[in-house]
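Q: I have a model open and would like to learn how to read it. Could you walk me through its features one at a time?

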Amino acid sequence: MSDTSSGDSPTSQRQPPRPDARTLRARKAAAKRERRRAKEEATRAGVGRTVARFKRMYGNTKIALMQALESSESDKEERRRNPSAPDPRAADKELLDYLIDHCPSLPSMIDEALKMRNPVEELSKMASDIDGGWSEARNTDTASLKKGLAANFNLDPDYDEFGHWAPPLNPTTKNAWGPHHPQLLPLVAPVRVPPLDNEELEKLKQPGAILSHVHWYAWMWSGRRHNPQDLDEGFLQGDLLVKAFLWLYFGSVTTPVACRVTAARKAGFASTTVHSIAYTATLLRYALSSETRIDQAFHSAGFYQHLVQYLEHEDQCQVTSNLLKWWNSNVFPAGVAEDADPEPDTNGTWELMIRQRAQRKAAAVAAAQRQREEGNATIAATTTQSSTLDPVTPPNDTTSTSRMDVSAQNGTSSSAPGSGHSPIQGEDEDEDDADRIPERPAKKAKRPFPRRVDDSGSDSDIDGEEVREDADPVAPVSGKKKHRPSGQGKKPPKAVATASQPRRSSRGSKNNGTV
């Protein structure tokens, strides 16, 4: 019996062991980290995705960023010569303003690029990152829309009259999409008057069939059919267009997804715009077709621009206005613009508190108004009562007047109490004392301060100097103290030291009592 313990073939020994699931996940995570962008690159790619979804589907970011550089002297001279001419770079400047508004860090990036040795190259790198995010948004939304169409946007079969696709659509391969699907063929056929015949429809199934981007399709009309006599009726109100719009921007046809609503609010997407309708229509046209790439056999950018020009044409102002009103009232979710223009809930506690504050404020204002009215009424009544009284006529007696003048000259008043004069006899005796003009009493003469007398009987002070007549006799000894007039509550003057009494030194120590 042969030994089979070492019967492994050389081929089996050379094969490495198969990694387990944990190792595979670790490798995938490492590869993902390698592909991950730097912080600034990710920021620029994010603003590119925002531009694609909410501002413009196609464009050139490099030309817009170059507007940050100073224009040449020839451009300035051309503007100086013809200032009324339209600015050919107006669209690029508008795009640059939009980029700056939705990317607060972009101005600092542009300033740093302008300080480099080659600012054009640095701006080109920045534009490449933004354009990368721009393209990613179209590709991501296209893939999401294909999945949504294949699943009928996760709606029930009886959601509307159209139901599900038969046969089902496969989102991974598009060989059976477009003109090769019985339900999609009438949808991808261009609308013409007269309509396409069977032979022209068969040509659409042939490989390499190219359609013009100036034609529109039946799914763009309400009910997936158009009126040949009135093409404006129901245009851009089709059910597929509405479902695709809600799916792309809000993640669901029935209930908006929270993260999509947040992204729409950050981008300022508070209502339907011309761009959002044209963007959805361009992606939906590609998703319904059998094309493998969005720009392979069809001019998608031309289709988008053609539709935008139609909606923004000056002859279509009223039509576009009515269309946007219909979308905002029937399609656009009402809660998206809640932060910009909130509608207060009248049944909420917050609203109840607001009403109570308003009521208290109104009551306080009414009370203050009543008090002012009552005060004004009281003042008016008092003024009216005083104006009705008879004015008092002053006496006209020349005798009394002359006597008062004589008294005033003598320094006395005939009516002053204690003056020794009696009131003037006559008709003025019956006059009220309040009617007489009181006289101001004469000012009393100031009493001189008493002169301090020296006990020694000499006319000299302690130091032997003569006492001046105009000096203040009660001035304190220390020069730091100020003169105080004599009055109540004042300390009596200290006795002046005489020759027989020794003087106490002011510089002596207070602790030992040295004189």
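A: Gladly! Let's begin with a word we will need: two residues are in contact when they have heavy atoms within 4.5 Å. Keep in mind that this is a predicted model.

Q: Which residues of α11 meet α13?
A: From α11, the residues are Leu240, Leu241, Ala244, Phe245, Leu248 and Tyr249. Across from them, α13 brings His275, Ser276, Ile277, Tyr279, Thr280, Ala281, Leu283, Leu284 and Leu288. Sorted by class, the contact of α11 with α13 has 12 nonpolar, three polar and no charged residues.

Q: How do I describe the way two helices pack?
A: Two packed helices are described by the angle between their axes and the distance between the axes. Here, α11 (residues 239-250) and α13 (residues 274-288) pack at about 105°, and their axes are 9 Å apart. That angle makes α11 roughly perpendicular to α13, since angles of 65 to 115 degrees count as such.

Q: What about the buried residues of a helix, such as α7?
A: An α-helix has 3.6 residues a turn, so residues three or four places apart point the same way. In α7 (residues 106-114), the buried residues are Leu106, Met109, Ile110 and Ala113. They lie on the same side of α7, because they cover an arc of only 100° around the axis. Their cover includes α3 (39-54), α4 (61-65), α6 (90-102) and α8 (119-150).

Q: Is arginine 138 buried or exposed?
A: For a single residue, look at the relative accessible area: buried means under 20%. Arginine 138 has 13%, so this residue is buried. Its place is in helix α8. Not counting residues up to four places away in sequence, arginine 138 touches Met57, Tyr58, Tyr279 and Leu283.

Q: Where is glycine 163 found, and what does it touch?
A: Glycine 163 sits in the loop between α8 and α9 (185-188). With a relative accessible area of 16%, glycine 163 is buried. Leaving out residues up to four places away in sequence, glycine 163 touches Asn152 and Pro157. The C-alpha atoms of glycine 163 and asparagine 152 are 8.0 Å apart, with the two residues 11 apart along the chain.

Q: How many helices and strands does the protein have?
A: There are 17 helices and zero strands. Of the 515 residues, 26% are buried. Among contacts between residues at least 6 apart in sequence, 66% join residues at least 24 apart. The accessible surface comes to about 36,600 Å², and 51% of that belongs to carbon and sulfur atoms.

Technical notes: Residues are numbered from 1 along each chain as its sequence is written. This is a predicted model: local features need pLDDT of at least 70, side-chain atom pairs count only at pLDDT 80 or more; totals for chains, interfaces and linings use all residues. Side-chain values use heavy atoms; hydrogens and water are left out. Buried means under 20% relative accessible area, exposed over 50%, partly exposed in between (1.4 Å probe, protein chains only). Helices (H or I, at least four residues) and strands (E, at least two) are DSSP runs, numbered from the N terminus. The arc is that of the directions from the helix axis to the C-beta atoms. Accessible areas come from the Shrake-Rupley method with a 1.4 Å probe; for residues, only the protein chains shown count as cover. Axes are lines fitted to C-alpha atoms, for helices over the stretch in contact, and angles run from 0 to 180 degrees between N-to-C directions. Angles under 35 degrees count as roughly parallel, over 145 as roughly antiparallel, 65 to 115 as roughly perpendicular and the rest as oblique. Ala, Val, Leu, Ile, Met, Phe, Trp, Tyr, Cys and Pro count as nonpolar, Asp, Glu, Lys and Arg as charged, and the others, Gly among them, as polar.
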